[in-house]
Amino acid sequence: MDTPKREIAATAARLVVEEGLEYGPAKRRAVRDLGLSSRSGLPNNDEVEAEVRDYIALFCADTQPKELHALRSLALEWMQRMAAFRPHLGGAVWHGTATRLSDIYIQMFCDDSKSAEIALIDHHVDYEPRMVNGFHGEQVEALSVHAHSRMLGEEIGVHLLVYDLDDLRGALKPDAQGRTPRGDLAALRRLIEKDSE
């Protein structure tokens, strides 16, 4: 990685950890904050994630594991609640780089896209429908809720992304680093047990 890209990645990582920004907005703001040209080459997400891990190890090693455990526990609650829709956890909470400022991203694979929305209505859950980028860059419906984390004592954004059932097959292919990009309920339970050891 060349020097400007490394600087952008390091600055973006700080913004991700300290301000809870997503990778894309963090990279764009890092370019502005560093006074670089908007045409500057950007680091890829894996490069930013590596810097995020370094930043957490340096500045948040005493707090981040507890925050991550709280977020994974809250994700587990929501995945159990939405178990009928084959929920899979992705993003920073799954990969272990989340802090209390991170949102939770749960991908659901539904026979009928409206059934998840109806389930939230039946449980009297306030949600906001929106469109977000999916795991292939396509637009996907997200049902966003504010969920209270007892462990953190604050509201956390939980985004339930609604995919077709057919999308599940491609969803579990390893990412560029050979990791599983998301995990189901059983996989999340194993992560939480491992964190507790």
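Reader: How are helix axes and their angles defined?
Author: Axes are lines fitted to C-alpha atoms, for helices over the stretch in contact, and angles run from 0 to 180 degrees between N-to-C directions.

Reader: What kind of model is this?
Author: This is a predicted model, in which local features need pLDDT of at least 70 and side-chain atom pairs pLDDT 80 or more, while totals for chains, interfaces and linings use all residues. Residues are numbered from 1 along each chain, and side-chain values use heavy atoms, without hydrogens and water.

Reader: At what angle do H1 and H3 pack?
Author: The angle between H1, residues 3-19, and H3 is about 60°, and their axes lie 8 Å apart. H1 is therefore oblique to H3. Helices are DSSP runs (H or I, at least four residues) numbered from the N terminus; oblique covers angles other than those under 35 degrees (roughly parallel), over 145 (roughly antiparallel) or 65 to 115 (roughly perpendicular).

Reader: Which residues make that contact?
Author: From H1 come Arg-6, Ala-9, Ala-10, Ala-12, Ala-13, Arg-14, Val-16, Val-17 and Glu-18, and from H3 come Glu-47, Val-48, Glu-51, Val-52, Tyr-55 and Ile-56. Contact means heavy atoms within 4.5 Å.

Reader: How do those residues divide by class?
Author: The contact of H1 with H3 has ten nonpolar residues, no polar ones and five charged ones. Asp, Glu, Lys and Arg count as charged, Ala, Val, Leu, Ile, Met, Phe, Trp, Tyr, Cys and Pro as nonpolar, and the others as polar.

Reader: What about H1 and H2, at what angle do they pack?
Author: H1 and H2 meet at about 120°, their axes being 8 Å apart. These two helices are therefore oblique to each other.

Reader: Which residues of H1 and H2 meet there?
Author: On the H1 side are Ile-8, Thr-11, Ala-12, Leu-15, Val-16 and Glu-19, and facing them in H2 are Tyr-23, Ala-26, Lys-27, Arg-29, Ala-30, Val-31 and Asp-33. The classes in this contact are eight nonpolar, one polar and four charged.

Reader: Changing topic, how do H4 and H8 cross?
Author: H4 spans residues 64-81 and H8 spans residues 185-196; their axes come within 10 Å and cross at roughly 155°. H4 and H8 are therefore roughly antiparallel to each other.

Reader: And which residues in H4 and H8 meet?
Author: H4 contributes His-69, Arg-72, Ser-73, Ala-75, Leu-76, Met-79 and Gln-80, whereas H8 contributes Leu-185, Leu-188, Arg-189, Leu-191, Ile-192, Asp-195 and Ser-196. Seven residues of the contact of H4 with H8 are nonpolar, four are polar and three are charged.
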